[in-house]
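Subject: Structure handover, cavities and ligand site

Hello,

Please find the structure below. My notes on its cavities and its ligand follow.

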Amino acid sequence: MNALQPVEHHTHYAIHLLEPDDFDAWRERARALVQCDVPPDRVTWIEPGGSGDLFADGERQLPVRSDGAAPVRASKRFVRLAKNAILHSDPDRFALLYRLLWRLQGNPQVMEDKADPDVRRIEELDKNVRRDSHKMHAFVRFRLVETEEDGPEHYVAWFEPEHHILRANAGFFVRRFANMRWSILTPQESLHWDGEALVEGPPAQRSDAPSGDPTEDLWRKYYASIFNPARLKVGAMMREMPRKYWKNMPEASLIPELVAGAQGRESQMVAAGSLEFDARPETLGAIETALHACRKCPIGELENSSVMGEGPRGAQKFSGLMIVGEQPGDQEDLAGRPFVGPAGQLLDLHLERVGIDRSSAYVTNAVKHFKYVQRGKRRIHQSPAAKEIDTCRWWLEAERSIVQPKLILTMGASAARAMLGKTVSITKARGAPIMLSDGSELWVTAHPSYLLRLDGAAREEQARMFDADLAAVKARLAELAN
Amino acid sequence: MSQKSIIDRLAILADAAKYDASCASSGTAKKNSLGGKGIGSTEGMGICHAYAPDGRCISLLKLLLTNHCIFDCHYCINRKSSNVERARFTPQEIVDLTLSFYRRNYIEGLFLSSGIIKSSNHTMEQLVETARILREEHDFRGYIHLKTIPEADPELVHQAGLYADRVSINVELPTDSGLVKLAPDKNAQQIEGAMGGMKMAIRQAKDEKKRFRHAPRFAPAGQSTQMIVGADAATDADIVGKASRLYDNFRLRRVYYSAFSPIPDASAVLPLKRPPLIREHRLYQSDWLMRFYGYQPSEVMQATEADGNLPLDIDPKLAWALKFRERFPVDVNRASREDLLRVPGLGVKAVNQIVASRRHRTLRLDDVARLTVSITKVRPFICALDWRPVMLTDRADLRALLAPKREQLELFSA
Ligand code: SF4
């Protein structure tokens, strides 16, 4: 290489470095070694506290560089990777860097060869260091320490990095917590920021750092609440948050308990979520039997019997019309049949007037049990709550899927809600079909019990509108039949 | 009734927020607290400060302002008719929590969403007010993501963009019919209208920023959305189609998928079982293929099976390759970057490394092996200097050979 060969060919050099992370110091020595043509296998690099090898007691003085030595070349990429890789805790890193630097002199393209083992190794070191740095940004946990009255709050963290990354990452914490007073203590050294200047300190022990902070209870509560036990992915968590970091993270102590409890929490969610509905009954008879036992909502707990829909048996007799009311009343509950009380009688009257044969329609209710409050001997009708309608909808849908109506007429807001899942205004929605996703049509009208509560002109007006709705349904049914 | 303690409300309102898939804190403008009065920084890449046992990153304090809601969406635990326990924070309480967590380096910032109380406008005002206190009174320079309410006054939604790094507007469901059925109070047109408005505002702010250095920042991390998967009958093809239209129409930064979770107290219109989580994963993989591998949405759809869904046992890239075997093998020494990206098992990084290395040597199978995670998966689809697959791509059992063996559920070894 060099014309002059001032170096004794068999001398080994043991290079002692004062800092494990000082790239500039390493570079200075490496440059001198290259210029004196000292091949990599004649150099041993020793970091502070590190033990040397066989040649540790080799020549400590760097060789004297000849004046005519060629400049040392290093690609930008090499410098970038080396600056980071030197922070790695692998004791062989200095030798690797030197070997690469040495090879760069003969082949400036070495770094481009991604399949070269040395290149792969330096990339690996770089990657490990970047990862450790990233984890430091993420997993440092500050704790507030008690200070004298007026002094600024002081936040202190204890962290155990895997590599020599503390100093290199100080800037991140300075930029983020510029106006805070903080310290990061590690077993190798410590850093202190007072809002203006950064000071390096000696190695610390865990006991030098505070052991807790009341905010950690809140944080742990948050950590335990934010995860979804229905999607346990412990492997993914462990990959990103390896166990070695756990001991300094207050939330990590919860993990075993959370994981162990997840299955229970999930089955609770599923059980509550599915309301323990099994597969849908496939016959009307099966629905009727199951309804007696249904206690999915509080109405089922009252003293009452369930009331199933009724309609023609056999396809020929079925006009394709399903009529849905709100819920059984006192008389329906006693009779076990829908629409036999005063409202049912009024409905029959109007159906007859318009010319719809009730026995050709399937007549049912949105809610299958009678909801009431007891006043003395009387049971006073109560409207079902939205939640109860939504729950009972399960049964209505089961009936519907068996009956397969072409046209559904709902009477009253509750019944409309049962079909649509939302509360609609009868006034706005009546008189025109609403298309349902299976191609059938929904028509809405008022409930006959509403008519029962009106008198005089108002009642006549509503009765007329009710008839008009029924007539429209009848006409539409005739169209659909063709 | 006495007010619940902060910690009890935190439990309720974090629990209610756990169905939100997004927790990203990346892609915003760089800022730090040097020269300011407050705290916070963002350096481009978001930081996951912890991982939950569900494998998801915890980077933001993800909370609901309240889980009271006047809407009644069936897939949502907070819907009006649900009888879940309710709680509510004031904007100031959220601000205090955010700051005390941030100072201890637990989080990158705040992701705030809310049930709708009183009115959409009232709710939106509260969300904006929380962000305002953080930014203006505390000079907070960390990340803020606000979930905006599409039904709110556009002026309020606009203010959200002035304080937040990112805003999101959820599409909720992949099809309009699903929305009609499961979210009766919502309206697809309104949602997309709000997304469109947001897109315009973001673009306008970018233009102004180019011309005037002091123009205010507006949602520098852009907008994102979330879709619930498995609550209705939409297929993966429907979902991929919807996602790609959203990317195109509204310049979204991300579309998140959230597998429908069994929700306590769910309404009876919903499916009883949760969809396999792996389905959500396949959708993210397909999203990835479109964003980084140059696949067209139509090509991802080609990878679906007869029922319109992506196969669950193999990833969408392999599924596509098995359907288009005539495109393989690809010669690692000659093929274009685009063609290499189609090889199952070769990631973007491996492809870049192959392209860089082949300038220096003609690659052998061993060289490729060093650059990939698993050469077994790659082998049938490539040629190298010393390798040519023996008609492997014609083997009928190729799929069985390459599909990962059914793994045992990962057990926690405590
Ligand atoms: S009203 Fe309906 S949901 Fe409630 S218990 Fe009766 S059948 Fe079940």
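About 90 Å³ of space lies in the second largest cavity (volume: the space filled by probe spheres set on grid points joined across faces, edges and corners). A cavity here is a set of points, on a 1 Å grid over the protein atoms alone, where a 1.4 Å probe fits but cannot get out; lining residues have an atom within 4 Å of a point. This cavity is lined by 14 residues, with A:Cys294, A:Cys297, A:His369, A:Cys392 and A:Trp395 closest to its centre.

The model is predicted: local features need pLDDT of at least 70, side-chain atom pairs count only at pLDDT 80 or more, and totals for chains, interfaces and linings use all residues. Residues are numbered from 1 along each chain as its sequence is written, chains are lettered from A and ligands numbered from 1 in the order written, and side-chain values use heavy atoms, without hydrogens or water.

The ligand sits in the second largest cavity (more than half of its atoms lie within 2 Å of the grid points). Around the ligand are 13 residues (a heavy atom within 4 Å), and A:Gly300 is among the closest. Helix 12 of chain A, residues 386-403, gives the largest share of this shell, 3 residues (helices are DSSP runs of H or I, at least four residues, numbered from the N terminus).

Chain A averages a pLDDT of 87 (the predictor's confidence in each residue, from 0 to 100).

Regards

Terms used
On a 1 Å grid over the protein atoms alone, a cavity is a set of points where a 1.4 Å probe fits but cannot get out, and a pocket is an open set with protein on both sides within 12 Å along at least five of seven lines; lining residues have an atom within 4 Å of a point. Helices (H or I, at least four residues) and strands (E, at least two) are DSSP runs, numbered from the N terminus.
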